[in-house]
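Please keep the sequence and the structure in view while reading.

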Amino acid sequence: MVIHMNQENEKEKLSGRETVEICCRTMKLMWENFPRNIVSSILYNMMKALTPYIPLYFSAQLLNELAGARRQEILTKWVLLLLILTFISGLVTHLLHSWETVHRHISYWEHQSQFYSRKLLEADFDKIDDAVTLDKLTQIENNQTFMGYGINQFMIHLEKITVAFFQVLGGILLSVSLFTLPLAEQYRRNMKLNMVFVGIAALIVGTVFLPALLGRVERSHIFEWADHGVKLNRVFFAYGFDLYQNKSNALDMRIYRQDLFGDNVLGRNCRDSITSMEAILNKGIRGFCQAGSAMSSYLMMGFIYLYVCLKAWFGAFGIGSVTQYVGAVNSMAKGLAELFKTAAQVRTNAVFLKKIFEFLDIPNEMYQGTLTVEKRSDRDYEVEFRDVSFRYPNASEYALRHVNMKFKVGERLAVVGRNGSGKTTFIKLLCRLYDPTEGQILLNGIDIRKYDYQEYLSIFSVVFQDFQLLAMPVGQNVAAGTSYDAVRVEDCLRKAGLGDWLERQEAGLDTFLYRDGMEARFHIDKAVQGGVEVSGGEEQKIALARSMYRDAPFIILDEPTAALDPVSEYEVYTHFNDIMTDCTAIYISHRLASCRFCDEIAVFHQGSVIEQGSHEELLGRGGQYSELWYAQAEYYK
Ligand code: ADP
């Protein structure tokens with residue numbers, strides 16, 4: 001994928017309302033896709049926050065009783081309640097933790113990339129072809145891999161907010177009586193207590209707002225880091241992985257000693273990144289705020305102790321309650337601080353979430369058809385190009401002009417012409433990667449735009465010029481799936497001319513293709529290390545076998561045999577022709593000799609079909625086809 005360095009995270013700040021809207025949308029997205037992830041996260045973090053309050057409350061009751069009336073049955077009651085409830089809450093928290101961990105890991109991969117791959121799969125093809133779309137995606141992925149900004153941070157914030165919210169709630173419940181219980185009669189007029197109370201309130205405000213202030217100061221730096229992260233990721237992958245592990249770099253690396261260069265750049269970038277983060281975290285106002293916040297929280301603890309002890313001293317409650325109140329108020333203040341701090345982070349992260357939605361919201365306009373494609377056992381489909389013209393988005397010239405063509409099942413059509421004459425564009429339109437600018441393409445008399453896109457595509461099997469195989473077992477490559485009919489896969493490979501090759505492979509259909517696939521490089525699966533290298537010709541034959549396995553009524557080969565020598569190419573085509581008796585085949589080839597067995601040959605020139613007919617007819621006409629034919633015959637003599 002091309003990484004465009006010019007796209008940066010906009011250093012914008014969203015309003016509170018926009019932040020809430022974006023967070024609600026993210027929540028909805030996650031809820032629709034991973035409801036268990038959300039429920040388990042909220043329940044686990046709620047229990048995590050509330051569990052410590054149970055021993056705090058019951059041990060306080062126990063101590064009060066011990067220091068007071070010491071009634072045996074009451075003591076027994078508190079001890080039993082303390083033990084049983086602590087045990088149950090501990091158990092429930094741990095079970096929820098396991099549940100939450102499972103769902104966090106299941107959903108992690110999906111929201112790391114599957115949201116985006118699904119979108120890419122559904123998007124209009126011209127959008128995928130467009131650098132702006134890829135820019136957006138690159139930016140999202142970089143933000144994600146660098147610091148987890150986007151959905152990962154959203155889930156972390158959800159955890160933090162849940163914990164903090166229930167900490168505050170539990171803290172309030174357990175400390176309300178601290179402020180409401182009256183002092184003993186003789187101390188009612190004592191004003192010292194009120195002053196301490198004001199002190200606590202002031203310190204809580206300090207402890208809560210300083211981290212929130214830090215969050216605001218942090219925001220602009222975070223955008224800088226995220227932009228820096230784009231570069232760091234690029235450097236890291238280029239010099240950290242690709243330079244050393246990509247076999248094709250080995251020669252250049254030795255000659256130019258790129259390893260020294262790589263080490264240097266990688267080291268400097270990593271150092272810069274780490275030091276800049278540390279520096280930013282600690283310098284200037286941030287350093288003061290951090291120190292101030294820590295100091296304020298220590299002071300607050302002191303004031304809380306003072307207030308609680310004084311109230312106990314003045315007879316408002318028993319000695320046991322002292323630990324309860326100190327613990328509860330402290331926990332509540334920490335929860336409040338965390339809430340404010342996280343709110344600032346949520347606001348920062350919303351900018352990154354907005355980027356995600358900008359990408360997910362790219363409209364899908366093309367594939368809206370709903371008609372089902374009739375499944376015909378006689379495969380009697382007819383496709384017609386009716387006066388089709390097409391101009392690529394943003395191009396000034398037409399790539400196709402007034403193309404009229406009809407092909408019925410069982411026919412063999414060859415599309416020939418010089419480079420740039422429009423042959424591939426013709427196939428792209430047929431597969432609805434683009435829609436015609438003018439004119440119509442019809443399947444059985446109905447405009448193909450009206451059909452459900454996936455159904456329409458299912459009638460085609462295409463081997464593009466730049467087909468791709470995966471570093472996965474050959475069987476899975478041919479079947480384009482993990483479960484397949486092994487006998488049919490072997491049959492297709494044999495028909496594509498790979499029978500002998502397959503016999504030589506010890507692992508048979510489980511033979512991994514490519515020795516240096518990503519999986520092998522990162523040692524993900526030991527079996528992959530036994531992968532085999534395949535030549536260009538073998539790759540093309542595997543791709544042909546894949547197209548046969550699909551068993552579609554239309555089969556299109558777009559110069560997939562370029563890596564084969566002329567003799568092998570001729571063999572493949574004639575072989576293919578013999579096998580594919582009940583489907584329509586469309587061949588695109590430079591080598592006219594390979595196409596002479598076709599029923600019909602269409603000659604493209606500058607986007608138009610200038611000649612159409614059988615081999616003999618076209619030769620007899622003495623036009624461009626015969627010119628090309630004789631030129632090539634000369635060449636291959
Ligand atoms: P052929 O397959 O016959 O070599 P193509 O169909 O690939 O020719 O190209 C036909 C014309 O369309 C050429 O002029 C080519 O430059 C142009 N073209 C092809 N792809 C694109 C694209 N993605 N954007 C703009 N123009 C394109």
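Two strands are said to pair if DSSP finds at least two bridges between them. Helices (H or I, at least four residues) and strands (E, at least two) are DSSP runs, numbered from the N terminus. The model is predicted, so that local features need pLDDT of at least 70 and side-chain atom pairs count only at pLDDT 80 or more, while totals for chains, interfaces and linings use all residues. Residues are numbered from 1 along each chain as its sequence is written, and side-chain values use heavy atoms, with hydrogens and water left out.

Strands of a sheet pair through backbone hydrogen bonds, in either a parallel or an antiparallel sense. Strand β1 (residues 382–390) is joined to β2 by 6 bridges. Within this pairing, Phe390 has Leu400 of β2 as its bridge partner, and Glu384 has Lys406 of β2. Strand β1 also pairs with β4 (residues 438–443), antiparallel and over 5 bridges; there Glu384 stands opposite Leu442.

A further antiparallel pair is formed by β9 (residues 600–605) and β10 (residues 608–613), with 5 bridges. In this pair, Ala602 is opposite Gln612 of β10. The two strands β9 and β10 make a hairpin with 2 residues between them, and Gln606 in the turn has a positive phi of about 45°.

Attention now turns to the ligand. Its surroundings (residues with a heavy atom within 4 Å) comprise Asp129, Tyr392, Ala399, Arg418, Asn419, Gly420, Ser421, Gly422, Lys423, Thr424 and Thr425. Polar contacts are pairs of N or O atoms within 3.5 Å. An N or O atom in the side chain of Thr425 is 2.5 Å from an oxygen atom of the ligand, and a polar backbone atom of Gly422 is 3.1 Å from an oxygen atom of the ligand. A polar side-chain atom of Tyr392 lies 3.5 Å from a ligand nitrogen atom. Taken alone, the ligand exposes 560 Å², of which the protein buries 61%; these areas come from the Shrake-Rupley method with a 1.4 Å probe.

The second largest pocket has a volume of about 410 Å³. A pocket is an open set of points, on a 1 Å grid over the protein atoms alone, where a 1.4 Å probe fits, with protein on both sides within 12 Å along at least five of seven lines; lining residues have an atom within 4 Å of a point. Of the 25 lining residues, Thr19, Cys23, Ile161, Ala343 and Val346 lie nearest the centre of the second largest pocket. Two or more lining residues come from each of α1 (16–33), α7 (151–180), α8 (192–245) and α12 (320–360), and α12 gives the largest share, 8 residues.

Note on methods:
Points joined across faces, edges and corners; volume = space filled by probe spheres on them. Polar contact = N/O pair within 3.5 Å; in protein donor to acceptor, adjacent residues only side chain to side chain.
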